[in-house]
Amino acid sequence: MAEKRFSFTQDELRTLADDILKYARKGGASACEVDVSEGFGQSVTVRRDEVDTIEYNRDKGIGVTVYDGQRRGYASTSDFSAASLKATVAAALSIARFTAPDPAAGLPDAVLLARDIPDFDLYHPWALSSEDAIELARRCERAAFAVSPEIRNSDGASVSMQESHFISANSLGFMGGYSSSRHFLSCSVIAGEGDDMQRDDWYSSKRDPAELADAEEVGTFAARRALARLGARQIPTCEVPVLFEAPLAAGLIGAFVHAVSGGALYRKSSFLLDSLGKPVFPGHIQISERPHLPKAFASSAFDDDGVATRDREVIVDGMLQGYFLSTYSARKLGLETTGNAGGSHNLLVKPGAHDLDGLVRQMDRGLLVTELLGHGVNYVTGDYSRGAAGFWVENGQIQFPVHEITIAGNLKAMLAGIREIGSDVLVRGSKHCGSILVDRMTVAGA
């Protein structure tokens with residue numbers, strides 16, 4: 001089915017990759033790696049029951065990296081003709097010859113490359129016409145407006161389908177690739193009027209369109225979230241526990257990943273330098289990396305270098321067991337790649353016993369954060385300051401919505417001060433994580 005939906009077959013992509021490797025070898029490259037990809041998609045947005053946008057995309061491209069010893073050059077093209085392929089290789093070789101040598105540059109060790117490429121069920125085409133996409137978006141938005149007359153306006157409901165496939169190869173004999181899909185349904189609405197207007201949204205994203213949340217369910221939930229924020233107020237400045245709702249909790253795990261990734265480490269721009277084998281989280285926190293989960297967004301048999309991926313434990317009893325390293329960053333650090341060129345793969349944060357309501361009761365008094373604003377994170381020092389909105393909690397119960405506040409702390413202390421992980425696990429990209437209760441932060445308010 002994949003072959004019929006794309007302009008090129010997987011075999012044709014393999015042939016293009018093989019041609020690139022041959023041209024590089026003839027041009028005198030000591031090594032070469034190439035990525036050949038093709039993708040297409042459709043996105044539709046409806047606002048107030050009228051079609052706002054319809055977008056189609058179809059893209060293809062080839063990226064070529066060549067090595068002249070320890071010198072590296074890169075060039076790319078979207079033209080798949082033989083003349084263009086030769087010119088692209090020539091351009092990459094020219095760049096390499098004028099680049100300073102880099103001892104860390106080069107392909108991975110051959111023994112680390114992936115040889116078996118299992119099918120992780122990542123490709124599920126969606127035969128969705130524009131008309132059907134528009135109707136689906138309308139159903140979603142109509143459901144939101146039907147919740148309450150207090151839903152006054154809409155930022156729109158969107159439906160998107162995206163499909164792609166690729167082949168990666170290098171001159172050590174590695175060649176692999178696969179097809180994948182990602183489909184999306186979202187709704188954003190505005191409740192209230194005048195000085196008390198609140199916006200909120202919700203979305204569902206899956207590899208398989210059959211697993212997307214029901215359109216009415218997404219719209220209804222977005223509306224209820226917006227309505228719950230009406231009557232928001234400020235609170236006095238205080239130091240209290242802060243509970244990050246699951247969609248935001250993934251961001252805290254992302255900050256940890258950034259801090260223990262190769263680029264930040266060898267540049268010494270991380271607040272978690274030299275943390276390997278040391279406690280980063282409390283002893284009850286466990287984080288696993290599972291690259292081979294069926295249908296997951298960050299599943300792959302190999303990383304961007306072609307290195308085979310594997311299951312591993314990243315955090316055991318709060319202790320850091322391994323960094324996130326590519327071939328290049330590992331060499332810069334004098335370590336071995338962890339198969340993370342291109343990022344992390346399906347990080348599973350072990351959930352605790354309580355769902356979000358249970359965590360609210362556990363917190364007793366503090367702030368439940370449901371929205372973050374701005375980008376006030378310093379990854380060198382760990383200083384963290386973000387605009388926020390959410391709900392004030394007293395006696396284990398939500399009392400009223402809160403806005404126009406700032407939460408501040410230090411990421412190192414925040415990670416070490418995680419009291420509990422929720423059982424309300426939500427998948428956001430490569431992170432599978434429930435809500436996170438942090439023991440104490442500064443909340444700056446009125």
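The secondary structure here comes to 10 helices and 18 strands. Helices are DSSP runs of H or I with at least four residues, strands are runs of E with at least two, and both are numbered from the N terminus. This is a predicted model, where local features need pLDDT of at least 70, side-chain atom pairs count only at pLDDT 80 or more, and totals for chains, interfaces and linings use all residues. Residues are numbered from 1 along each chain as its sequence is written, and side-chain values use heavy atoms, leaving out hydrogens and water.

Now the overall build. The C-alpha trace spans about 70 × 55 × 35 Å along its principal axes. Of the 446 residues, 52% are buried, meaning under 20% relative accessible area with a 1.4 Å probe, protein chains only.

Let's go to strand E5, residues 175-193. Is E5 enclosed or open? Look at the count: 14 of its 19 residues are buried, so E5 is largely enclosed by the rest of the structure.

Which strands pair with E5? Pairing takes at least two DSSP bridges between two strands. Strand E4, residues 151-170, runs antiparallel to E5, with 17 bridges joining them. Ile151 stands opposite Ala191 in E5. The E4 and E5 hairpin has four residues between the strands, and Gly173 there takes a positive phi near 105°.

On to E6, residues 196-206. E6 pairs with E5 over 11 bridges, again antiparallel. Here Val189 stands opposite Asp200 in E6. This hairpin has two residues between the strands, and Gly194 takes a positive phi near 60°.

Terms used:
Buried < 20%, exposed > 50% of the residue type's maximum accessible area, 1.4 Å probe, protein only.
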